[in-house]
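Trainee: Can we go through this model together? I'd like to start with the strands and finish with the ligand.

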Amino acid sequence: MPFETISIIGLGYIGLPTAAVFASRKKRVIGVDVNQAAVDIINCGEIHIVEPELDIIVRAAVSGGFLRATTTPGPADAFLIAVPTPFKEGHEPDLDYIESASLSIAPVLKKGDLVILESTSPVGTTEQMADWLAQARPDLTFPKTHGEDSDIRVAHCPERVLPGHVLRELVQNDRVIGGMTRKCSEAATSLYKIFVEGECVITNARTAEMCKLTENSFRDVNIAFANELSIICDRLNIDVWELIRLANRHPRVNILQPGPGVGGHCIAVDPWFIVSKTPADARLIRAARDVNDHKPHFVLEKVKEAAATLTNPKIACLGLAFKADIDDLRESPALEIVLALQKMNLGQLYVVEPHVSEFPESLQSTSAVFATAAEAIGKADIVLLLVNHRVFLDIDQDHLAGKVLIDTRGLWSVS
Ligand code: SAJ
């Protein structure tokens, strides 16, 4: 099946790299986003998000005439929806972006087109999306009513790339292809085969939806286990990092690392999509969310205890990003902890984040000082390590002597 023109709806962390990779394979790509500023930036060959090497490939795609961004969808052979799926009040999934993306492409759909939902979604969303399209275009047929003979093919193919490694993982990872019918899966496979070197494994749409949620819930549950151990070990006066190193020597044990909480826009969100569908049954998955969401409060208590033993303590907070070696501060437990410490007014804060050039807006009009690691540690009575950035490994241990250390990542735990 030839795909000459491919339209990507949503030019964020997943949509833009995907658009650029298709364009690098000399496909004509129309990128669509509601954000006019993002569209303008991309059309200048630049990028509005941070991802290694993405700028180079977007620049080449735009200057070669293969990638064009717009706010209004036009006709294409395949449409790939990669818009956000946040949750609303009460952790209920918010499908508004998927609904408006579907309604925006409906007018330009034609017989033979393929529509793929890539956004992480609760089970049943692909069928729901197809229903929205069918209601908007009663002149076309869809898989639910016309099976293999449908005019429009529909599939769910979740992304599973790791921020910071997106361009490599997009090409190399295996891909789960959940078509609403066999022909839908085959069409989606031939689309992804344009650039995917991993295997494209076919299933149905509901299983593909659940597969993505399962992957991130698996990680969340395993991190919760490590976080719970860290709290238990603190009570029992045991070094959790040493404990995990020892336990992981067992051939069938592989415990993840505790931290100050779970951040990012996927692992702390996706498990709720399982919980909201089956609240009575998803007991472990919900408990894991609670354990991980509680962890920042535990860290705050530790700082409060340490601060109570000192007069006007100075507190160095090392790291704001949601994980190591990236500059992404969104949904970051480190940032959440620093903001809460600022409100608690326990002492002067010196905040270090080597991967950003200035304070995030939420800290700008506060008394917290944006500092280098050396400055912050030099002044501090308490050193709170929140992110295990590689650069913090270079900190001279002598400079930490005599200070209260709260290491939420085990960076300074001796192996
Ligand atoms: N974390 C720990 N301890 C660990 C591992 C991670 O506390 O042992 C924390 C991190 O510090 C961070 C959070 O968990 O705050 C999430 O980080 P992550 O590296 O586990 O995952 P993300 O959010 O960057 O990307 C995940 C990936 N999913 C899985 O590994 C199962 C990625 O493959 C997905 O594509 C991505 O979610 C997504 O978009 O869904």
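**Strands, helices and ligand**

Mentor: Start at Val115, which stands opposite Val154 in E6. This is a predicted model: local features need pLDDT of at least 70, side-chain atom pairs count only at pLDDT 80 or more, and totals for chains, interfaces and linings use all residues. Residues are numbered from 1 along each chain as its sequence is written, and side-chain values use heavy atoms, with hydrogens and water left out.

Trainee: How many bridges join E5 to E6?

Mentor: Four bridges join strand E5 (residues 114-117) to strand E6 (residues 153-156), and the two run parallel. Strands here are DSSP E runs of at least two residues, helices are H or I runs of at least four, and both are numbered from the N terminus. Two strands pair if DSSP finds at least two bridges between them.

Trainee: What is the strand order in that open sheet of eight?

Mentor: E3-E2-E1-E4-E5-E6-E7-E8, with mixed pairing. Strand E3 (67-70) and strand E8 (200-204) are the edges, each pairing on one side only.

Trainee: Which strands does helix H4 lie across?

Mentor: Helix H4 (residues 96-105) lies across strand E1 (5-9), strand E4 (78-81) and E5. H4 runs at about 165° to E4. Axes are lines fitted to C-alpha atoms, for helices over the stretch in contact (heavy atoms within 4.5 Å). Angles run from 0 to 180 degrees between N-to-C directions.

Trainee: And H8, at what angle does it run to E7?

Mentor: About 145°. Helix H8 (residues 182-192) lies across E1, E4, E5, E6, strand E7 (175-179) and E8.

Trainee: Which residue stands opposite Leu318?

Mentor: Leu385 in E12. Strands E9 (residues 314-318) and E12 (residues 382-385) pair in the parallel sense over four bridges.

Trainee: What lies 2.4 Å from a ligand oxygen?

Mentor: A polar side-chain atom of Arg219. A polar contact is a pair of N or O atoms within 3.5 Å. A backbone N or O atom of Val161 lies 2.6 Å from a ligand oxygen, and a polar backbone atom of Gly263 lies 2.9 Å from one.

Key:
Polar contact = N/O pair within 3.5 Å; in protein donor to acceptor, adjacent residues only side chain to side chain.
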